[in-house]
Amino acid sequence: MFPSVRQAMAWLHTWFGLVLGFVLMAAFFFGALSVFDREIDRWAIPATRIQAQPMPSYERVLRPAFERMQPTRQAIDAMRPRVDGPMPERYDTVGSWSAYTTHRDPVLQLFAGYVVPNARHAGELVWAEATIDPRDGRLLPDDRLKVGSGFFFPMHYGLTLDWKHLGIWIVGLSALVMLAALASGVVMHRRIFREFFTFRPGRARLRSVLDLHNLTGVVALPFHFFFALTGLLIFAAVYYFPLGHTQLHGLHDLNAQVEASETGLPHERAGRPGGLANVDAMVADAQRRWADDGKAGDVGFLVLQHVGDANGYVSVYRAGTDRIALVGDGIHYKAATGELIREDPAATPVARMAEFLTGLHLQHFRHWLLRWLYVLGGLAGAVCIATGFVFFVEKRKRQHAKDGRQGARVVDALAVAAVTGMVLAALGILVANRLLPEDLPGRADWERWAFWGTWIAALLHAAWRSAPVARALPNPAWREQAIAIGVLALAAVLLNWITTGDHLLRTLATGYWPVAGVDLSLLAVAAIAGASALRLARRHAAHAAGPAYAADAEARHA
Amino acid sequence: MSRTASDFPSTRRHGQRLQLASRVLAAILGGYAFAWGLVAASASLMFAAGMGFHDAEFLASLAGVLAFLLAFLWAFVARRGWLVWAVLAGGGALLAGIGSFVQSLLV
């Protein structure tokens, strides 16, 4: 097929990198943003701009909040096809109540699952969700879009294409291609290394683009490899290789039976009513036991299983703030009496490895420097792919211009949309979040439309301005969108000030870092975009002045 | 380029495109089938050897992802296209069969 291994690798690197690079760009960029998803949530939902809170008291805060919950109309309708007979209006048999928080969450997520009579899969529950203020149990509006954890994060792993998990599959294939691109890039690199010493004065920009591509790819290679691999592993058993639910269903069930008999945690309801002892006392007991093990910490996840039933039990899990591995150290109590049923045993070596690998990707630990390094790693990946696009275009555009072909022009326009357009879309949703009226019905949908609308506008703009590329000249859309990024980033900071009164002097003075951090990052984006626009303008002027001068200017810039 | 090929440039290019498409499909679909088979066989064998299902599943998935990567790269490097398909699709089916067979012995 290919005359040599190196050529096979080059083909694969170029073409898979080009086609799936657009997806990878989104995975890296929104992954970098997701590192601070909770902080972006605070910026986007001003009612939740409070300090992070520990898990509140069950008796005082959680129980009243749980008791108020009911599944939404949509949840009931979604469940309807999987039920024989009519769906009831009210749900009073609670399958499970749970509350989840992290060390960066000022708000608390509540989940309630209700038993549905005549459900086809025995045990399938209909679910309700709520967000509360953990200080007083007040219900917070749940229809507000959590722009960080509810939009940027799903963009990172699934492009928000929920139909048949299509987005998750596309991102998964792209992660595999990222691994292949790293491997093939290293194979190609040997030859490229020799070419570094080749003098190419007329092609200075080509060389500097390639330098940056190699630098961001190679310096962060362990980061890229690790994140693509662990990203695949996190979803492997659920989406990519779901053997436990399909081919090896028999083994999975066999294992579940053994586990259930070992743990002593009842899988089903007894059908007899049962009481509930003091849950706060169980939580206090769990914390004492962790402390005795040298693992003192807050509760991250609290679950009440089979609520109101004689088989009911309460599970208390630690928040994984103090270590990389994503461990729960669950302790389980009999609901009716509060007596200890079981402490989760020490993890097996394989489970410890799995917890470490997934924990390092999902980062529930408290380490702000490492968190920023993750952002840098993600952005390095985005730069690596962006320079890959630019290199693809720069290498071909003169030849394509001579042949009258449009390939370089099309790729360049798509690259503009994928690079500056993606930043614009992210800024578009933040600006819309501050501009839309607070009580607008379907506000979250408008915000999403602002995101996609901005992105489509950026693509159309890039296509409309792309004609010069067919004459081997740069697309002015790069410069114009850089200016737009600067304007929108500044606008977002100003709008945050105007609509909430939280300007930087105040958030910095009070040390409210979630909002101050987002504002400072937006200012940094504006500064970088402004500097890039200036540089591109200078280069553009040089091109206008004539090719000889342009080559000279490029050589000086490179 | 050999003389016979230059006599029929369009046929040659057409054939090359088909070959390339076949390699791309083999890399993605064949690679996936092979990885699936490897996960099935290794997870069931590790479970049979006494490991917990979720531990076996995790290790097998790790092996599956890495095998997918190698299969993906090999699909473009290999000399013969038919061999790529035979190893990836045939091997995947064989491995998946081992997985089901081991399961049938245990359940």
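## Chain A: fold, sheet and interface

Arg289(A) sits in helix α10 of chain A, residues 279–292. Helices (H or I, at least four residues) and strands (E, at least two) are DSSP runs, numbered from the N terminus. This is a predicted model, in which local features need pLDDT of at least 70, side-chain atom pairs count only at pLDDT 80 or more, and totals for chains, interfaces and linings use all residues. Residues are numbered from 1 along each chain as its sequence is written, while chains are lettered from A and ligands numbered from 1 in the order in which they are written.

**Around Arg289(A)**

Is Arg289(A) buried, exposed or partly exposed? Arg289(A) is partly exposed, because 15 other C-beta atoms lie within 10 Å. The cut-offs are these: buried takes 20 or more other C-beta atoms within 10 Å of the residue's own, exposed takes 12 or fewer, and partly exposed lies in between, with C-beta atoms placed from the backbone. Leaving out residues up to four places away in sequence, Arg289(A) touches Ile331(A) and Glu343(A). Contact here means C-beta atoms, placed from the backbone, within 7 Å. Arg289(A) and Glu343(A) are 54 residues apart in sequence, yet their C-alpha atoms are 9.3 Å apart in space.

**Overall build**

Chain A has 18 helices and eight strands. The C-alpha trace of chain A spans about 90 × 60 × 50 Å along its principal axes. Of the 558 residues in chain A, 39% are buried. Take the contacts in chain A between residues at least 6 apart in sequence: 71% join residues at least 24 apart.

Three domains divide chain A: domain 1 (1–45 + 144–267 + 350–404), domain 2 (51–142 + 268–349) and domain 3 (406–558). These bounds come from an automatic or database domain assignment. The centres of domain 2 and domain 3 of chain A, taken over C-alpha atoms, are 43 Å apart.

**The sheet**

Chain A has an open sheet of eight strands, with antiparallel pairing and the order β4-β3-β2-β1-β5-β6-β7-β8. Its edge strands are β4 (139–140) and β8 (340–343) of chain A, each pairing on one side only. Two strands pair if DSSP finds at least two bridges between them.

| Strand pair (chain A) | Sense | Bridges |
|---|---|---|
| β1 (94–100) and β2 (108–115) | antiparallel | six bridges |
| β1(A) and β5(A) | antiparallel | five bridges |
| β5 (299–305) and β6(A) | antiparallel | six bridges |
| β6(A) and β7 (331–334) | antiparallel | four bridges |

Trp97(A) stands opposite Ala112(A) in β2(A). In β5(A), the partner of Trp97(A) is Leu304(A). Ala99(A) has Leu110(A) in β2(A) as its bridge partner. Further along, Phe301(A) stands opposite Tyr317(A) in β6(A). Val314(A) has Tyr333(A) in β7(A) as its bridge partner.

How many residues of strand β6 of chain A are buried? Six of its six residues, 313–318, are buried. Tyr313(A), Ser315(A) and Tyr317(A) point one way from β6(A). Val314(A), Val316(A) and Arg318(A) point the other way.

**Helix ends and loops**

Helix α15 of chain A covers residues 477–500. Its 24 residues reach 33 Å from first C-alpha to last, close to the expected 34 Å. The expected span is 1.5 Å times one less than the number of residues. Gly501(A) follows α15(A) and has a positive phi near 80 degrees.

Leu159(A) has a positive phi of about 55 degrees, although it is not a glycine. Leu159(A) lies in the loop between α5 (147–158) and α6 of chain A. Leu159(A) counts as partly exposed, because it has 18 C-beta neighbours inside 10 Å. Gln363(A), also a residue other than glycine, has a positive phi near 45 degrees. Gln363(A) is in the loop between α11 and α12 (368–403) of chain A. With 16 other C-beta atoms within 10 Å, Gln363(A) is partly exposed.

**The contact with chain B**

In chain A, 30 residues are in contact with 31 residues of chain B. On the chain A side, α1 (5–34), α6 (166–195), α8 (221–240), α9 (249–263) and α11 (349–362) each supply at least two residues. By class, this side has 23 nonpolar, seven polar and no charged residues. Ala, Val, Leu, Ile, Met, Phe, Trp, Tyr, Cys and Pro count as nonpolar, Asp, Glu, Lys and Arg as charged, and the others, Gly among them, as polar.

Conventions: Two residues are in contact if their C-beta atoms, placed from the backbone, lie within 7 Å.
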